[in-house]
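Please open the model in your viewer and keep the selection tool at hand. The stops below are meant to be taken in order.

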Amino acid sequence: MGKTVYLAAIFLILLAHAANAGVLEEKFRQKYGKDWDVEIDEDTGSMKRLVGYNIDIAGKIRASVLPVSGETMIDSALKDFIQNNSYFFKTGPEDFEKEKIEYDKSPAEDFESGNWYAFYRQKYKGIPVYKSYLNFVVIDNKIVSVSNNFYFNISLSTTPSLSKEDAIS
């Protein structure tokens with residue numbers, strides 16, 4: 001009897017995750033269009049991978065009146081995108097830091113603004129989380145791909161257990 005109850009509980013949890021994933025996919029497609037390929041991380045219930053076209057961030061970039069670099073504008077626009085979509089990603093800008101942003105002038109005349117590749121990593125209490133990432137591909141000021149490998153429900157002490165002197169010796 002105990003095994004049956006345990007298996008039924010696991011089944012219900014998995015069913016709830018699947019239902020949540022379906023809701024999350026549908027909400028994203030309603031907001032950004034039905035042509036997006038949306039992959040949900042079944043363990044965390046957050047967006048894992050998005051591939052599509054047409055999340056336009058050009059308005060945010062053009063709205064900048066400060067003399068800032070393209071990298072700074074892309075960084076700001078992507079952080080706003082995450083902030084405005086924290087429901088889908090289950091994270092906010094306070095949970096990650098920029099690793100690097102690269103620019104590649106597109107050889108295609110159709111893409112005047114070129115290609116941007118932005119790489120972020122997760123932080124937990126200010127400490128980078130190993131093997132975590134949030135990556136974007138932006139073509140012609142439109143997000144076309146997002147990949148996410150964040151770890152949720154981290155519960156660790158960040159207080160060192162060794163003194164500096166003990167660590168050196």
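What follows is a tour from the whole chain to single residues.

**Before selecting anything**

This is a predicted model, in which local features need pLDDT of at least 70 and side-chain atom pairs count only at pLDDT 80 or more, while totals for chains, interfaces and linings use all residues. Residues are numbered from 1 along each chain as its sequence is written, and side-chain values use heavy atoms, with hydrogens and water left out.

**Stop 1: the whole chain**

Show the chain as a cartoon. Its secondary structure amounts to five helices and seven strands. Helices (H or I, at least four residues) and strands (E, at least two) are DSSP runs, numbered from the N terminus. Read from the N terminus, the order of elements is α-β-β-α-α-α-β-β-β-β-β-α.

Switch to a surface. The chain exposes about 10,900 Å², of which carbon and sulfur atoms supply 55%; accessible areas come from the Shrake-Rupley method with a 1.4 Å probe, and for residues only the protein chains shown count as cover. Of the 169 residues in the chain, 32% are buried. Buried means under 20% relative accessible area, exposed means over 50%, and partly exposed lies in between (1.4 Å probe, protein chains only).

Among contacts with a separation of 6 or more, 48% are between residues 24 or more positions apart. A contact here means heavy atoms within 4.5 Å.

**Stop 2: the nonpolar core**

Select F28, M47, L78, F136 and I143. In the largest nonpolar core, which has 28 residues, these five touch the most other members. Such a core is a set of buried Ala, Val, Leu, Ile, Met, Phe, Trp, Tyr and Cys residues joined through side-chain atoms within 4.5 Å. Helix α3 gives the largest share of this core, five residues.

Now center on F136. Which residues does F136 touch, not counting residues up to four places away in sequence? They are L78, F81, I82, W116, Y117, A118, Y120, I143, S145 and V146.

**Stop 3**

Is D75 buried or exposed? D75 counts as buried because its relative accessibility is 12%. Leaving aside its neighbours within four places in sequence, D75 contacts K98, I101 and Y120.

E71 is in helix α3 and K98 is in strand β3 (residues 96-104), so the pair ties together parts that are 27 residues apart in sequence. A salt bridge is a side-chain nitrogen of Lys or Arg within 4 Å of a carboxyl oxygen of Asp or Glu. E71 is partly exposed at 30% relative accessibility, and K98 is partly exposed at 35%.

**Stop 4: further salt bridges**

The structure holds six salt bridges. For another one, select E25 and R29, whose side chains meet at 3.4 Å, N to O. Both residues lie in helix α1 (residues 2-32), four residues apart, which is about one turn of the helix. E25 has a relative accessible area of 22% and is partly exposed; R29, at 23%, is also partly exposed.

Then select K100 and E102. Their salt bridge has its closest N and O atoms 3.3 Å apart. K100 is partly exposed at 40% relative accessibility, as is E102 at 36%.

**Stop 5: strand β2 and its two partners**

Select residues 37-40 and 47-56. These are β1 and β2, which pair in the antiparallel sense over four bridges. Two strands pair if DSSP finds at least two bridges between them. V38 stands opposite L50 in β2. The hairpin of β1 and β2 has six residues between the strands, and G45 in this hairpin takes a positive phi near 75°.

Strand β2 also pairs with β7, in the antiparallel sense over five bridges. Select I55 and find I143 opposite it in β7.

**Stop 6: two loop residues**

Most residues other than glycine have a negative phi. Select K131, in the loop between β5 (127-128) and β6 (133-139). K131 has a positive phi near 60°, and it counts as exposed at 55% relative accessibility.

Finish with N141, in the loop between β6 and β7 (142-149). N141 also has a positive phi, about 60°, but it counts as buried, with 14% relative accessibility.
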